[in-house]
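Open the model in your viewer and get your selection tool ready. We will go from one stop to the next, and at each one I will tell you what to pick.

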2 protein chains.
Amino acid sequence: MYSCQEQSNIIKVTDNVSLYEALKTANAGDNIVLANGTYKDVQIKFRNKGTMEKPITLKAETPGKVFIEGQSYLKFGGEYLVVDGLYFRNGYSPSSAVVDFKISNKDTLDEIANNSKFTNSVIEDFNKPKRDNDDLWVRFWGRNNELSNCYIAGKTNRGPTVRVSIAGVESINNYHKIVNNHFGPRPVKGGPSGETIQLGDSYTSMSPSHTLVANNLFEECNGEVEVISSKTNFNEFRNNVFYKSEGSLVTRHGNYSIIDGNYFIGDGVNENYGGIRIINTGHWVTNNYFFNLKGKSFRSPLAVMNGIPKSPLNRYNQVTDVVVAYNTYVNCSSPWQFGVGQNLAQADVLPKSEIRSARAIRTTVANNIVYNEEGLEQIVIENDKADGVLFKNNVIDNQGKPFNNYNGGLTEASLELKKISDNIWLPTGIPSSVEPYNGFDFNTITKDLFGNSRNNNNSIGAVVGVDVNNPNILDKSKYGASWFSNEVEAKEPTTFEVSNTEELIAKIKEAQDFDIIKLKSGTYNVQASLVINKKLNINSDDRETTIINYTSEENTPLFELHPKGFLWIKGVTLHGNVTNYAFASLKENMSNHFLLTVTDCKMENFNYVLKVYKESFAERITFQNSTISNCKNGLELSEETNDKGDYNTEYLTISNCNFLNVDKNVIDYYRGGYDESTIGGNLEVSNSTFKNCGAKEDNGILINHRGIINVAISNNTFIDNKVKLVALLWGAKNNTHANNEIENSGEIRVEENLKQTLMY
Amino acid sequence: MYSCQEQSNIIKVTDNVSLYEALKTANAGDNIVLANGTYKDVQIKFRNKGTMEKPITLKAETPGKVFIEGQSYLKFGGEYLVVDGLYFRNGYSPSSAVVDFKISNKDTLDEIANNSKFTNSVIEDFNKPKRDNDDLWVRFWGRNNELSNCYIAGKTNRGPTVRVSIAGVESINNYHKIVNNHFGPRPVKGGPSGETIQLGDSYTSMSPSHTLVANNLFEECNGEVEVISSKTNFNEFRNNVFYKSEGSLVTRHGNYSIIDGNYFIGDGVNENYGGIRIINTGHWVTNNYFFNLKGKSFRSPLAVMNGIPKSPLNRYNQVTDVVVAYNTYVNCSSPWQFGVGQNLAQADVLPKSEIRSARAIRTTVANNIVYNEEGLEQIVIENDKADGVLFKNNVIDNQGKPFNNYNGGLTEASLELKKISDNIWLPTGIPSSVEPYNGFDFNTITKDLFGNSRNNNNSIGAVVGVDVNNPNILDKSKYGASWFSNEVEAKEPTTFEVSNTEELIAKIKEAQDFDIIKLKSGTYNVQASLVINKKLNINSDDRETTIINYTSEENTPLFELHPKGFLWIKGVTLHGNVTNYAFASLKENMSNHFLLTVTDCKMENFNYVLKVYKESFAERITFQNSTISNCKNGLELSEETNDKGDYNTEYLTISNCNFLNVDKNVIDYYRGGYDESTIGGNLEVSNSTFKNCGAKEDNGILINHRGIINVAISNNTFIDNKVKLVALLWGAKNNTHANNEIENSGEIRVEENLKQTLMY
């Protein structure tokens, strides 16, 4: 029984057992304080009931000094529960979520949380060991729950970082809040299901959610093409900052979103930073600011998709009844694209139910400003006709370059930019003749990007007037946990000179991130794999005289790349025993990414030069100015055969290399499954020579890159390779070849439409 | 140029030309008065602009004394236009609508109407001549338009009576009002596309409409299974009365309807009167009253359908997030059905994309009352499991008969009925222990059926308390045009005795509806078809001595049934010349229905006994106690071969008849096209004898009724008919046979799943 105290208690707990007990026995208003320290394998089921006036709180003694590690999770069940100040790291959830607003599947009110909050906390690198083992880091159920002021970063395994689930009647019309968080870097996942926030799923697309996502910073949220995937109705996205995030805010399923007052900030270079991608009905895109974005097509600042006629519920509904008003686009390469995803050319290989031919209708684009420092060929890109779109009172400065004005809906003007901050430049000098178009219900757009009223002196574009203060949108102290910063101080690297094998082994262990191991000339005989589990440079001055001779038994690598193992190696000769490998990832439990850059090296007598196992992922793998000879296999990244869109590296780059006498594939790089939303990987092979390779390869292809979306093979020389094909390119995707010399080596063939397994 | 008067004018017009001119030149505030009289071929384009304070009005001099006839229509374009007091009759629209809130397809504001009104008027029997020529009688476009206080009845041709179109950006979020109308009888159409009101279509299912349908009387709106078909979002249906209407209010496409405070009144017998059929997401069904309804399955008072998993947009989405609360069901045979339309048994003949196996989820049924004078086997019928439905605090009086109580969500109680009016009986005596369940957002249900507050003394069921006045819901003076009533005074029929052919011909012409032509014994030699274009009885006392001998050339009928031709014939022998017909409809322009009842007759020596041509429709065709012999063909209703679900009669009934020596089919009755929403026709063949028939029929079937949904063949005798099959029954539909004696006549075969052309 509870004791009937009126006063709230402070209950200090110091270990898991006393914590569990305190959570169970606390009364409304009680504060449970978790003493500073590291807690392992903490599986918290916070099942209790506070009240609005007297919530029950679990707080770190000092926010940020309480570490949750190992196999841990936090589950809420009940009402008015608050958790504040925890740091999840060095572990993972043994359950399907790290923070879960439900305890069990019993669906009773005791088990589901309402009016509860996870706040001022951090979840960092809390990955399940295997990429295909999916989980969520925060999963919402119930109603009126909140994720606020948290820093969440580093998810690499399958599954959105945050999901709002509305599977039960207790979870519709939920009015959850995801506010004031800092979503730190989420690296590219190499396949789908890497969203930062997903609201619902394709089975809840018609259901009312009413989730608010506001005032969050999304920094380098690169997991996949969708940073936010809205899949329910009536969600609101307000005043968020998308900063260098390789993806878009996508209304993937569901209708009637409000996307108001958000910032989408690019760097003027990276074409992967997205904007807003629109599918379905009734969305209002207002008061948003787009800066320096170079994304195109799916990644355009405004990408309005084509739908599938009579679309199945889980595919692409037509865009209808959308309003895009009062937005400002500065220096974006392709501000507005319509008919995105139109794929009539694929009619031969796709079923009719996958052909997106239904253009947007009843859509209004009005009162927007587009400013381009360099004029574009067109302001509006029509992948399919934008004949269902009404353009009204948009002002464009295209530096005098002509463009289609859509029956006067786009008006040319000469504008000036006024700098508000590095990332915010506001166009000024809108002709007074261009008054805001008063579309239906436009009077409900009462404020501008900065929250100022539009009632008086209203004007087009995201901001009324230009006499505004810098909103400091990139001041990270405004987002996330008050006690945490993800800014790391640069450290001078240490250089370790080594001259024998023992030293090499010792210094690799001793070194810290970004340190340098410098090899003196000589031969290093290595008998067991060298483990790379940190960011390390290894180099010498002369690859001809600096030789690592690897003598271990078969099927192990000289360099074993572990999670977070980044290796830059330069100027070394690596020598195998024909059965072993030069580089490989772990066979399993690659819970985090690796990286490999090989420069000026020679690799010879290996079974595999590189073997990347299933569920391993590297953002980049690069071989340059190097020679590979007398090996059985080259670079092998072909184990993701479940055809779910996954692959093993985002960028595989080969330049200025020599491949000589490699028996099988020189490159085998695979991505399987038809999925228009997986738009990687990337293979570049250039200025390289391939001679006498591939003869023993069963599939008869020298460079095998089936399913990879972006491929460029250029300026290479292929001589005497006994293969049928040098490569088989996928014409419908971004696969290209140019200036290759092919002699006695088969051919490069382009197939427009590659047959792929349907994923849906 | 307009003159700039401040005063409003009264402009009286007396013919089409002056009317057209006045409409064009009127100023805001002007009243155009159309003089009493009949206007032919009036094609009104009311293109002008009034203001909110000063609308432009076109009014009948005396409401109801201005008749619009011939090829006429009324189109609105502009703003604040009102038309009041017209009577459309004796004609049809040469356009695609009778009243249209748009003039042309130019989609400019001049062409589309806003804030305009068609009121206090009548449209009656204004049918296009051919059933397949579709039109609408009132079509909405634009915004804030109104159809109010009109009487509209008698539509027989294809197309909903009223449609709200939201095809253009000018027509979404329209807030149209359809209020205070009397929708009079719309006869069964015999196929789909006979709705009384359709809001949107399957291509606008995701779009916001916000149409209000309130305070209307729907009387005998029998056109098809959907009286109202809601196909857009956010529509509201409030306080309507559905009286003896053979159909339902259906949320066919689109989400988030409000269905509040409506009355569904049956007669305790007719199983075709429906209630509310639910498809899709987020509907709220509250405060409705259901009385004496015998409908089941699709026609249940509450029919919650199964959806198609990942349904194509134009088919059946799953039901999710629906609330059914505070409704009262009195003496309904099957108040609640779930999983309606579940058709897993058809998996062999239908594509996967037509199989409805997705059950309703996140649906709440709470605070309802069900009262049954005779206990039902079950309160909830589960065509598929209702495991996604939460039942809470419903009270059931099932006269002590046990029922599944769904985890206590259905509470048994002993109630009494209190009579408020003939059609409204309120259950009293709810146990005080059953308090209203407070589901999410239930506090938004602030009023009851009668508009009384639920704030205090709230209780379950449609009405708070029982001390209420009779709302007189069937007082027709509350609906429709103030000057019009559809109640006709009964007239005593006149009987005309005739004794020769000339008299027969003359009296048929002279007679009025329901009069009687009495034939004396003798032979009547008729050389040309007798036209039946009214409701007529023809009979004699002795069929053996009263003979009509038809001698006309081939392929014409003795009795030619015209639109509105209802013939009851009794006790006569009809004799043909082997090449001509006994009965036939018109070959074309059957703009209205016919009816045929043949009793105690003998028909011999005809090519066809009955030939019903394409696009003809009879609600009932009956042959009883009659003999058909020595004919080439029997009853032929098989020309609706476009497979769009159409057919030629709702009820074809043969009882106590003798068929002898009919060469081909004795009956050929066809409906084609797979369409789960066409749930007719009806064939009953009983207590009849068939001898030596069908030998020359190519298809080898004696009674051919392919595609007819309801078939009962019972207690017949089949002797020496040289056919392969007596009949081929469709097992999956309502086709039955019993107690037939079959001798040397093939067999009756049942095929569970008949292959049909898909209509969608």
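Does Asp84(A) count as buried or exposed? Select it and have a look: with a relative accessibility of 13%, Asp84(A) counts as buried. Keep in mind that this is a predicted model.

**Stop 1**
Lys59(A) sits in strand 5 (residues 56–60) and Asp84(A) in strand 8 (residues 81–84), so the pair ties together parts of chain A that are 25 residues apart in sequence.

**Stop 2: a pair to view in both chains**
Now pick Asp515(A) and Lys491(A), whose side chains form a salt bridge of 2.9 Å, N to O. Asp515(A) belongs to strand 45 (residues 515–519) of chain A, while Lys491(A) is in the loop between strand 43 (424–428) and strand 44 (495–498), 24 residues away. Asp515(A) is buried at 2% relative accessible area, and Lys491(A) is partly exposed at 41%.
Switch to chain B and select Lys491(B) with Asp515(B): here too there is a salt bridge, with the closest N and O atoms 2.9 Å apart. Lys491(B) is partly exposed at 41% relative accessibility, and Asp515(B) is buried at 1%.
Over all chains, the structure holds 71 salt bridges.

**Stop 3: aromatic rings**
Next, select Phe218(A) and Phe242(A). Their rings are stacked, 4.7 Å centre to centre with 5° between the planes. Phe218(A) is in strand 22 (residues 217–219) and Phe242(A) in strand 25 (residues 241–243) of chain A, 24 residues apart. Both Phe218(A) and Phe242(A) are buried.
Then try Phe391(A) and Tyr406(A): the ring centres are 4.6 Å apart and the planes meet at 45°, so this pair is tilted.

**Stop 4: where the chains meet**
Finally, show chain A and chain B together. Here 30 residues of chain A contact 30 residues of chain B. The two chains bury about 2600 Å² between them, 60% of it on carbon and sulfur atoms. Highlight Lys310(A), Arg362(A) and Phe440(A), which supply 27% of the area that chain A buries against chain B, more than any other three residues. How many salt bridges cross the interface of chain A and chain B? The rule finds zero, but 18 residue pairs are in polar contact between the chains.

Notes:
Residues numbered from 1 in each chain as written. Chains lettered and ligands numbered in written order. Predicted model: local features only at pLDDT ≥ 70, side-chain atom pairs only at ≥ 80, totals over all residues. Heavy atoms only, no water. Contact = heavy atoms within 4.5 Å. Buried area = accessible area lost by both parts, 1.4 Å probe. Salt bridge = Lys/Arg side-chain N within 4 Å of Asp/Glu carboxyl O. Polar contact = N/O pair within 3.5 Å; in protein donor to acceptor, adjacent residues only side chain to side chain. Phe/Tyr/Trp six-rings, centres within 6.5 Å; stacked < 30°, edge-to-face > 60°. Helix = DSSP H or I, 4+ residues; strand = E, 2+ residues; numbered from the N terminus. Buried < 20%, exposed > 50% of the residue type's maximum accessible area, 1.4 Å probe, protein only.
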